[in-house]
Amino acid sequence: MTKDKKESGQGIYEIYQSQPESADEQVFGRKSYSDRRGFLKGAGLATMAAVLGGAIPFHRNMPAGMIPAAFAEGLDDVVIEGKDGLTVLNDRPVNAETPPHLLNDDITPTTRHFIRNNGIPPTDVSPEAWTLTIDGLVDQPMTLTIDDLKNNFDVVEQQLVVECGGNGRAFFEPKAKGNQWTYGAVACSNWTGVRLADVLKAAGVQEGAVYTAHYGADKHLSGKEGKLAISRGLPIAKAMGTENLIAFAQNGEPLHPMNGAPLRLVVPGWPGSCSQKWLTRIQVRDQVHDGPKMTGKAYRVPNHPVAPGEKVAKEDFVIIERMPVKSLITSPQTNSQIDGNEVAIKGHAWSGDRNVDKVQISSDFGATWMDAELSAPANEGAWQTFTAKVTFPQPGYYEVWAKVTDDQGVSQPFAIAWNPKGYLNNTFHRVALVVKG
Ligand SMILES: Nc1nc2c(c(=O)[nH]1)N[C@H]1C(S)=C(S)[C@@H](COP(=O)(O)O)O[C@H]1N2
Ligand SMILES: [Mo]
């Protein structure tokens, strides 16, 4: 692969989808379709083998430009160990989302927790050897093992929502670049760990502290030593919230390798990117952090409404903080056929740093709404589950919509203003049903 493409972080599948000609050159190392000499080698061969799940003994026989049949159906055949039913959007880096109907559980099983990687996860993740360093503007810089964390701090369990800032990006027009997440870059697992605030307090956050900076052990896609895939942070006030965890267990087991094993941050209610995986260091800074994906347009939105497609000046982008009010209908699955004239609806609702007050359901394209039953959150930062029974007047095609209102009176919109990077799409989840009667 050329350096540029390698650094852009696209996988083979994505490259073939978006730019088949240059994909051919990158993967097969040849300049044009008429040049038949190229064959899979080096990075192309290694990547292809990794994606296919095995070396390719006869790779020298493969005609240049041939797309392996395994890719015919997209990335459905890519198997990620310990994950089940996820839709893989990219293989390099690995990005995979969960279809809404597989998020029906109140606590998301680890097998169904989405994966959003910016780089290459570390391979040496032995929990015994892992350390976390707290430094910067603190009285007492510390380096702690996972046992130190367990032994010196309150260990707590919390159900916490992690949602990628780009969830829903696929529905923006014009298209925004990046992973085309639909609905499933969100999950609410049960996390065990210590409170970030307790650890920061033990280190003694000094006056003048403004922001945290988070570092993980994953590598940049270029493989360059010292180059970081992502390093984001939090304003000190949010970092001191009791809802944030430094987690070493997910649903009672060690973290999944793709979800940050053996140690990660879980910062509910804010973009998932704040929840650094493979966590090795938290630095306290006297200024807003400026690590990779903190600056420029990353995880930022315009500070004023913009027309679809409009160019926005760099200085007009502001850092995304809390995530907006949103919901997901997890049962029934969209495009289900319903026997009879009634269906039970279930789903989840959440709003960053806030509670949800009300969930309303419509089955007549928003003309009328009925209140759903809404449960209280298991704890701060958890999503809330809603249920409703919908009756249909006659057989036919229906859409069930859910609309959530949070405790500040803010509701999910039907449509949302476009933004250049396709963040924060919290429009209604619409589920299509054919009622048979
Ligand atoms: N070290 C590291 N932490 C990271 C990332 C990453 O690429 N590297 N991705 C972030 C982003 S953008 C999101 S949305 C969440 C996703 O967490 P998950 O993959 O466990 O679902 O992890 C965040 N933490
Ligand atoms: Mo993300």
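1. D135 is buried, because its relative accessibility is 18%. Buried means under 20% relative accessible area, exposed means over 50%, and partly exposed lies in between (1.4 Å probe, protein chains only). The side chain of D135 meets that of R281 in a salt bridge, 3.1 Å from N to O. A salt bridge is a side-chain nitrogen of Lys or Arg within 4 Å of a carboxyl oxygen of Asp or Glu. R281 lies in strand β12 (residues 279-285) and D135 in strand β4 (residues 131-136), so the pair ties together parts that are 146 residues apart in sequence. R281 counts as partly exposed because its relative accessibility is 27%. Strands (E, at least two residues) are DSSP runs, numbered from the N terminus.

2. A word on the source. This is a predicted model: local features need pLDDT of at least 70, side-chain atom pairs count only at pLDDT 80 or more, and totals for chains, interfaces and linings use all residues. Residues are numbered from 1 along each chain as its sequence is written, chains are lettered from A and ligands numbered from 1 in the order in which they are written, and side-chain values use heavy atoms, leaving out hydrogens and water.

3. More on charge. Side chains of opposite charge can pair when their charged atoms come close. The count comes to 13 salt bridges. One of them joins D406 and R354, with the closest N and O atoms 3.0 Å apart. D406 lies in strand β22 (residues 396-406) and R354 in the loop between β17 and β18, so the pair ties together parts that are 52 residues apart in sequence. D406 is buried, because its relative accessibility is 2%. R354 is partly exposed at 26%. Elsewhere, D198 and R195 meet at 3.3 Å, N to O. A network of salt bridges links D154, R195 and D198.

4. Now the sheets. An open sheet has five strands in the order β16-β23-β22-β18-β19, with mixed pairing. β16 (336-338) and β19 (370-371) stand at the edges with a single partner strand each, so one side of each is left without a neighbour in the sheet. Two strands pair if DSSP finds at least two bridges between them. Strand β18 (residues 356-362) pairs with β19 in the antiparallel sense, over two bridges. I361 has M370 in β19 as its bridge partner.

5. Another open sheet has three strands, ordered β1-β2-β3, and its pairing is antiparallel. β1 (87-91) and β3 (115-116) are the edge strands, each pairing on one side only. Two bridges join strand β2 (residues 94-97) to β3. N95 stands opposite R116 in β3.

6. R116 also meets the ligand. One of its backbone N or O atoms lies 2.9 Å from an oxygen atom of ligand 1. The protein covers 100% of the 530 Å² of accessible area that ligand 1 has on its own. Accessible areas come from the Shrake-Rupley method with a 1.4 Å probe; for residues, only the protein chains shown count as cover. An N or O atom in the side chain of H113 is 3.2 Å from an oxygen atom of ligand 1. A polar side-chain atom of Q276 lies 3.1 Å from a nitrogen atom of ligand 1.

7. Which strand is largely enclosed by the rest of the structure? Strand β15 (residues 326-331) is, because five of its six residues are buried. β15 runs antiparallel to strand β17 (residues 342-350), joined by five bridges. S327 stands opposite A349 in β17.

Technical notes. Helices (H or I, at least four residues) and strands (E, at least two) are DSSP runs, numbered from the N terminus. A polar contact is a pair of N or O atoms within 3.5 Å; within protein, one must be able to donate a hydrogen and the other to accept it, and residues adjacent in sequence count only if both atoms are side-chain atoms.
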